[in-house]
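Here are my notes for you to read alongside the model. Have the structure open and find each spot as you go.

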Amino acid sequence: MSVIAHGIKTLGVLGAGQMGTGIALVSALRAKVPVLIHDRSRDQVSKGLSLVDKLLAKDVTKGRIQQSEANEARERLRIVDGIEAMRDVDMVIEAVSENLDLKRTLFKSFAETLRPDAILATNTSSISITKIAAAVIPNGQTAASEEGRASSGRVVGLHFFNPVPVMKLVELIAGVQTHKDTLGRARAFAEACRKEVAVSNDVPGFVSNALLMPFINEAIMCLEKGTASRDDIDKTFRLGMNHPMGPLQLADFIGLDTCLSIQQTLYTGTSDSKYRPSILLERMVDAQWLGRKSGKGFYENNDA
Ligand code: 3HC
């Protein structure tokens, strides 16, 4: 365990998709902190909370937790209407879609609304933490001023993996502005959620996606070229390398739009042609065949 205390008494989570919901659940259940959740779609929040109810009920049925622990965790989760309602949180974790402009706008609002010592964390899977941190300079200040550095120093990358309750890792990423204390507290919080922490530099895709996405992209290119069938590509990795899912199945699970956007970040962020996204991946996203979330990707949801 980390020697630095995380000091998080209340957490805010922005975005109630698969990642935001999972982060809220492990924070409430394992770190035992009250969590305020906001998503602009009420429907998304209701879906997220019904998944939380199912997962807590399963934990109770399997004897992993007591019913009282499940009830307490559930009571710690509260839906709120906007960032304004999060003004007193000690840390916010943003888990919205992978769009730099959207993240910059949200982080500017966090900086204007939340307490000056609140940690501003992003669950981004590939966007530069340094670029996001540059958006939180108070009006009238410069990035190099004391206030500017204090504000951007509390931005950090805390990258969880899907499904959050199951996957044991959190990737911790510092932007060039991130303070040591912010990093230490973010690490301590991830550990309180019973995650192992791996540190990555702020490079496109960080360590995890700089390695995973080219692998998935290459598998899609193999399918495109007819090197092997969908099932044989996946079988090769499931049975030959003991991966729990083959790369095409994993791409559907992550979401093809997310895979494409990360691959584009790698490509534009490095200008290296080896990261060019597969045309088939682009076309599937054009067709809104996004994988599990849309019911069709390389597989249909009712495929075995
Ligand atoms: N939420 C919570 N729990 C889930 C879940 C979900 N969405 N999906 C599955 N689980 C749980 C199941 O409930 C089950 O729990 P139990 O042991 O209590 O019954 C456990 O996971 C195993 O599930 P199943 O028995 O149904 O199925 P599998 O044994 O096939 O496991 C899997 C499912 C855990 C998803 C496994 O296939 C796996 O590990 N796949 C690879 C996942 C992976 O690589 N994730 C990382 C993606 S990359 C990422 O997130 C980074 C981003 O930046 C792109």
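1. Before we start on the helices, a word on what an axis is: it is a line fitted to C-alpha atoms, taken for helices over the stretch in contact, and the angle between two axes runs from 0 to 180 degrees between N-to-C directions. Two packed helices are described by the angle between their axes and the distance between the axes. Keep in mind throughout that this is a predicted model.

2. Now to the pair itself. Helix α8 covers residues 206-225 and helix α9 covers residues 230-240; their axes come within 9 Å and cross at roughly 145°. As for the hand of it, α8 and α9 make a right-handed crossing.

3. Which residues do the touching here? On the α8 side they are F215, A219, C222 and L223, and on the α9 side they are R230, I233 and F237. Sorted by class, this contact of α8 with α9 has six nonpolar residues, one charged and no polar.

4. Is N209 buried or exposed? Its relative accessible area is 5%, and anything under 20% counts as buried, so N209 is buried. Apart from neighbours within four places in sequence, N209 is in contact with S125, H159, P214, I262 and L266.

5. Next, have a look at the second largest pocket. Rolling a probe the size of a water molecule over the atoms shows where empty space is left. The second largest pocket holds about 570 Å³ of space. It is lined by 22 residues, and R30, L55, D59, P165 and V166 are the closest to its centre.

6. What is that lining made of? Helices α1 (18-29) and α2 (42-61) each supply at least two residues of the lining of the second largest pocket. The most comes from α1, which gives six residues. By class, the lining has 11 nonpolar, seven charged and four polar residues.

7. Some backbone spots deserve a check by eye. The peptide bond from N162 to P163 is cis, with omega near 0°. You will find P163 in the loop between β6 (155-160) and β7 (169-174).

8. Then there is phi. K32 has a phi near 60°, a positive value in a residue other than glycine. K32 belongs to the loop between α1 and β2 (35-38). With a relative accessible area of 45%, K32 is partly exposed. Q288 also deserves a look: its phi is near 65°, again a positive value in a residue other than glycine, and Q288 is in the segment after α12 (279-286).

9. While you are in that segment after α12, look up G295 as well. G295 is partly exposed, at a relative accessible area of 25%. G295 and D252 are 43 residues apart in sequence, and their C-alpha atoms are 9.3 Å apart in space. Leaving out neighbours within four places in sequence, G295 is in contact with E300 and N301.

10. On to the loop between α5 (129-133) and α6, where N139 is found. Why does N139 count as exposed? Its relative accessibility is 64%, and the exposed class takes in values over 50%. Not counting residues up to four places away in sequence, N139 touches K108 and E112.

11. A144 counts as exposed, with 58% relative accessibility. From A144 to Q177 is 9.8 Å, C-alpha to C-alpha, although these residues are 33 apart in sequence.

12. Last stop: E147, in helix α6 (residues 146-152). Its relative accessibility is 43%, so E147 counts as partly exposed. If residues up to four places away in sequence are set aside, E147 touches P138 and Q141. How far are the C-alpha atoms of E147 and R64 from one another? They are separated by 46 Å, and the two residues are 83 apart along the chain.

Conventions
Residues are numbered from 1 along each chain as its sequence is written. This is a predicted model: local features need pLDDT of at least 70, side-chain atom pairs count only at pLDDT 80 or more; totals for chains, interfaces and linings use all residues. Side-chain values use heavy atoms; hydrogens and water are left out. Helices (H or I, at least four residues) and strands (E, at least two) are DSSP runs, numbered from the N terminus. A crossing is left-handed if the near helix is turned anticlockwise from the far one by less than a right angle, and right-handed if clockwise. Contact means heavy atoms within 4.5 Å. Ala, Val, Leu, Ile, Met, Phe, Trp, Tyr, Cys and Pro count as nonpolar, Asp, Glu, Lys and Arg as charged, and the others, Gly among them, as polar. Buried means under 20% relative accessible area, exposed over 50%, partly exposed in between (1.4 Å probe, protein chains only). On a 1 Å grid over the protein atoms alone, a cavity is a set of points where a 1.4 Å probe fits but cannot get out, and a pocket is an open set with protein on both sides within 12 Å along at least five of seven lines; lining residues have an atom within 4 Å of a point. Grid points are joined across faces, edges and corners, and a volume is the space filled by probe spheres set on the points.
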